[in-house]
Every structure is written in structure tokens, then in C-alpha cells.
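User: I am new to this structure and would like to learn how to read its features one at a time. Could we begin with a single residue and build up from there?

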Amino acid sequence: MFAKRLILILLLALTPIFAFASSNADHPVSPEMGLQMLTEGNLRYSLGQSTHPNISFSRRLLTTTEGQAPYATVIACSDSRVPVEILFDQGVGDLFVIKVAGNVADTDEIGSAEYGVDHLGTPVLMVLGHTYCGAVTAVTTGAEVHGSIPKLVDNIIPAVEKAKLALPNAEKTELITKATDENIWQAIEDILTKSHAIAERAIAGKVVVVGAKYDILSGKVEILGSHPRQTELLGGATPAVHGAGHAEEHAEPAHAEAAKDAHAEKPADATHAEPAVEKTAEGHDQAQAAHGEEKPASGGFGFFSFIIFVLLLIGAVIVLDKKILNPEEK
Ligand SMILES: [Zn+2]
């Protein structure tokens with residue numbers, strides 16, 4: 001009798017293990033939701049309404065025991081005025097950040113991005129440029145650089161050349177602004193053409209790859225969307241979920257000056273629109289629910305929750321066994 005009960009308890013306790021083992025390994029946050037969380041976090045920050053989420057001990061404990069499950073990989077400039085987690089109002093375990101002068105994507109940066117996108121499965125990959133970038137300015141103005149810096153900034157040279165070609169008569173400031181934008185697209189081009197793993201995930205719609213620009217004075221991030229030539233860079237493939245829409249929507253701003261200016265005056269990407277201010281709190285709750293303290297992790301089901309679930313199940317089986325199946329034993 002005891003052996004039968006033991007087998008019954010074991011079988012029931014093992015059921016959830018099989019269920020979770022076969023569950024979908026995709027990140028619980030969708031690419032759209034990830035972009036929304038970044039947009040809303042930046043809105044809070046730029047309005048001086050940061051909530052500083054996920055910085056408690058419980059968050060550190062959770063991300064230590066369950067591992068990290070960030071929802072965005074961000075390549076940003078090392079500039080001290082571009083503090084990525086702060087400007088997106090995010091906390092521990094939310095963002096996989098790669099910081100490098102001039103937000104370039106060379107071998108090491110692409111390798112790191114692959115770790116974030118392909119290994120950790122972040123649904124968003126963002127290249128974040130910024131205004132007043134020293135690295136872009138140095139290359140644009142032909143400043144003398146020494147040591148290992150020439151090797152670093154050589155990734156920016158193609159962007160500056162494109163900017164000069166597009167604006168042959170531009171004054172310095174205008175040219176630097178253009179070069180900054182081109183440098184963002186250059187990094188994305190380098191990633192999509194050199195990383196098979198990221199390109200594949202982009203085509204499958206598992207990651208949305210976007211460019212964005214941070215204004216170090218206003219604190220606002222302008223999401224520029226997918227690379228204007230993303231389809232071409234992906235070998236003619238159109239991403240399954242997004243990207244296509246973004247690419248078309250932003251194709252002009254990146255290369256046509258008139259459109260670029262219009263775009264600059266209207267930084268409101270759909271995600272930046274005014275109504276977002278009103279629903280900040282609500283949106284934040286949604287976002288928090290998606291990557292909140294309870295279940296931020298890999299499969300979306302925490303280790304501790306799992307243990308508690310199993311214990312409750314065993315308890316239920318014992319009660320059921322004693323009171324209903326064998327009431328005469330009472
Ligand atoms: Zn910079």
C-alpha cells in the first residue's frame with residue numbers, strides 16, 4: 001500500500017518537470033513589448049519620473065539563483081553621459097549592455113551581441129548612438145588619434161565617408177549629426193552582415209534590430225527603427241514579425257536630408273507619442289508584469305515557484321489519499 005502511494009506521489013510530482021522540459025524556450029518578452037518597455041522607461045527618465053525598478057536584494061537573489069534573462073541587448077557608446085540602465089529606467093538583469101567608444105560593432109562587440117541575442121535570447125537588439133559623441137566628432141573632423149584608438153575608430157570611417165558624400169557642403173555640426181546617424185546604421189550593417197546567428201534570429205522574427213539615438217541634454221531616446229536596407233542586408237529576407245514596417249517607415253529619414261530634418265523635429269516614433277505619458281503608470285505595470293520580480297527568467301517559471309508547486313502537490317496527494325481514497329483509515 002505504501003509503495004503504491006509513493007509511486008502515485010512521485011508520478012504526480014514529476015508531471016510538471018516533463019511539462020516544463022518540453023515548454024517553448026522563447027523569451028517571455030516579445031520584441032514589441034521589449035521596445036515598449038525601453039520607450040516607456042526612457043520616457044519616465046526624461047520626465048524625471050524614474051521608478052528605479054529591479055534594484056532590490058530580492059532581484060539580485062532571483063537573478064543569481066535563476067540566471068539572467070535580459071530582454072534587450074544594447075550596444076552603446078562608452079561616454080559617461082550615456083548610462084544605459086539609468087536612461088531606460090531599468091534595473092539588475094534587464095539589459096545586456098555592450099559599451100564601446102563610438103558604439104561600433106567590431107569582432108568583440110558582435111561576439112558579445114551574439115551572446116545576448118543568440119544565447120540569452122533577448123528579443124531586442126539596439127545600437128544606441130548619441131549626440132555630442134567624441135569618437136564620431138574626432139573622425140569627422142580628422143582629429144589626430146594615437147595608441148590603439150585608430151584601430152578602434154576605423155569602424156567609424158565608412159559612416160563619416162557616407163555622411164560627407166550625402167552632405168558635401170555641410171557645415172561641421174550638420175556633418176557630425178549626419179555621421180552620428182550613419183554610424184548607427186553602420187554598426188547594424190556590420191552586425192547583420194557578419195553575424196549569421198543574429199541575422200537568422202532577425203529573419204525568424206525572434207529579435208528586432210533597431211537603431212536609436214540618445215540626446216544627452218534632453219535625456220530622450222529617439223528610436224530610429226530598423227536599418228533602412230535591412231531586407232537587403234538580410235539577403236532579401238523579410239523578418240517574420242517586425243522590421244519590415246520599421247524599415248519602410250524609416251527608410252527615408254536615414255538617407256534623405258529633408259526627411260531627416262522633419263524626423264528630427266518630430267522625434268515621436270509611434271512609441272514616443274504623447275498618449276504614452278498618460279498611460280505611463282499602467283504601461284509600466286504591464287512591462288513589470290512581463291519581466292517582473294516574480295518571473296523574469298529563462299522559461300518564465302521560477303525555481304522557487306517550482307519547488308513550492310511540487311511541495312503543494314505532494315501535500316494535496318497525501319490529503320487526498322488519507323481523507324478520500326482511504327477514509328476508513330481515519
Ligand atoms: Zn560617444
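Predicted model: local features only at pLDDT ≥ 70, side-chain atom pairs only at ≥ 80, totals over all residues.

User: Where does V139 lie, and which residues is V139 in contact with, leaving aside its neighbours within four places in sequence?

Analyst: V139 has its place in helix 6. With neighbours within four places in sequence left aside, V139 is in contact with V153, I156, I157 and V160. A separate reading is the distance between C-alpha atoms: V139 and A179 are 40 residues apart in sequence and 9.2 Å apart in space.

User: V160 and A179 also belong to helices. Which residues of helix 8 and helix 9 meet?

Analyst: From helix 8, P158, A159, V160, K162, A163, K164 and A166 take part. Their counterparts in helix 9 are L175, K178, A179, E182, N183, Q186 and E189.

User: How is the packing of two helices described in general?

Analyst: Two values are used, namely the angle between the axes and the distance between them. Here, helix 8 (residues 157-166) and helix 9 (residues 172-194) pack at an angle of about 130°, and their axes are 8 Å apart. Helix 8 is therefore oblique to helix 9. The crossing of helix 8 past helix 9 is right-handed.

User: Let us turn to the metal. Which residues coordinate the zinc ion, and how are the donor residues spaced in sequence?

Analyst: The zinc ion is coordinated by SG of C77, NE2 of H130 and SG of C133, at 2.0 to 2.3 Å. The spacing of these donor residues in sequence is C-x52-H-x2-C. C77 lies in the loop between strand 1 (72-76) and helix 4 (84-87), and C133 in the loop between strand 3 (124-130) and helix 6 (134-141), so the pair ties together parts that are 56 residues apart in sequence.

User: Are C77 and C133 buried or exposed?

Analyst: Both C77 and C133 are buried.

User: What can be read from a polar side chain such as that of D89, with which side chain does D89 make a polar contact?

Analyst: One considers its place, its burial and its partners in turn. D89 lies in the loop between helix 4 and strand 2 (95-99). With 2% relative accessibility, D89 counts as buried. Its side chain makes a polar contact with the side chain of R44, at 2.6 Å. Not counting residues up to four places away in sequence, D89 touches G41, R44, S50, T51, H52 and P53.

User: Where is V207 found, and how far apart are the C-alpha atoms of V207 and L125?

Analyst: V207 is found in the loop between helix 10 (196-203) and strand 4 (208-214). V207 is buried, its relative accessible area being 2%. The C-alpha atoms of V207 and L125 are separated by 6.7 Å, while the two residues are 82 residues apart along the chain. Among the residues in contact with V207 are V117, T122, V124, L125 and I198.

User: Finally, how many helices and strands does the chain have?

Analyst: The chain has 16 helices and five strands. Of its 330 residues, 46% are buried. For contacts with a separation of 6 or more, 75% are between residues 24 or more positions apart.

Conventions: Residues numbered from 1 in each chain as written. Heavy atoms only, no water. Donors = N, O, S within 2.8 Å, 3.2 Å for Na, K, Ca; no water. Helix = DSSP H or I, 4+ residues; strand = E, 2+ residues; numbered from the N terminus. Buried < 20%, exposed > 50% of the residue type's maximum accessible area, 1.4 Å probe, protein only. Polar contact = N/O pair within 3.5 Å; in protein donor to acceptor, adjacent residues only side chain to side chain. Contact = heavy atoms within 4.5 Å. Axes fitted to C-alpha atoms, helices over the stretch in contact; angles between N-to-C directions. Parallel < 35°, antiparallel > 145°, perpendicular 65-115°, else oblique. Left-handed = near helix turned anticlockwise from the far one by under 90°.
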